[in-house]
Amino acid sequence: SENCEGIGSYHQAVQIYSELVKHLYTNYFENKELVFATGNSGGSFQIAFGLAKFGMESIFDMVILTGGPPISDLRKGIFGYD
């Protein structure tokens, strides 16, 4: 969901994740008995938004949402410079 300017509305940017999962589930998943998802930071946001807005609860049996790093620039976070 980060840096989604220029690809449509914010709503469309986060809907892309749900559409991708639905496509993969319908066309490629061999075992649909148990489907799990986990996301970190922005990924957990997209999973949560998909559950709340786009009906993903019909696909996922369990999700684990976790927080992300406090900054997105890992070089700066690890080494302290750009």
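Which residue lies over the face of Y25, and at what distance from the ring centre? It is K32, which sits 4.9 Å from the centre of that ring, where a charge counts as over a ring if NZ of Lys or CZ of Arg is within 6 Å of the ring centre and within 35 degrees of the ring normal.

Before going further, a word on the basis: this is a predicted model, in which local features need pLDDT of at least 70 and side-chain atom pairs count only at pLDDT 80 or more, while totals for chains, interfaces and linings use all residues. Residues are numbered from 1 along each chain as its sequence is written, and side-chain values use heavy atoms, with hydrogens and water left out.

Now the overall fold. The chain has three helices and two strands, arranged along the sequence as α-β-α-β-α; helices (H or I, at least four residues) and strands (E, at least two) are DSSP runs, numbered from the N terminus. Of its 82 residues, 22% count as buried, meaning under 20% relative accessible area, with exposed being over 50% and partly exposed in between (1.4 Å probe, protein chains only). Taking contact to mean heavy atoms within 4.5 Å, 62% of the contacts between residues at least 6 apart in sequence join residues at least 24 apart.

Let me turn to the aromatic residues. The whole structure holds three aromatic pairs, a pair being rings of Phe, Tyr and Trp (its six-membered ring) with centres within 6.5 Å, called stacked when the planes are under 30 degrees apart, edge-to-face when over 60, and tilted for the rest. One of them is F45 with F49, which is tilted because the planes stand at 40°, with the ring centres 5.8 Å apart. Both residues belong to helix 2 (residues 42–53), four residues apart, or about one turn of the helix. F49 is partly exposed, at a relative accessible area of 22%. The rings of F49 and F54 have their centres 5.7 Å apart and their planes at 50°, so that this pair is tilted as well. F45, F49 and F54 make up one aromatic cluster, and within it F54 is buried, with a relative accessible area of 11%.

F54 also leads us to helix 1. Leaving aside neighbours within four places in sequence, S18 is in contact with G50, F54 and M56; this serine is found in helix 1 and is buried, its relative accessible area being 0%. L24, by comparison, lies in helix 1 (residues 10–27) and is partly exposed, at 31%.
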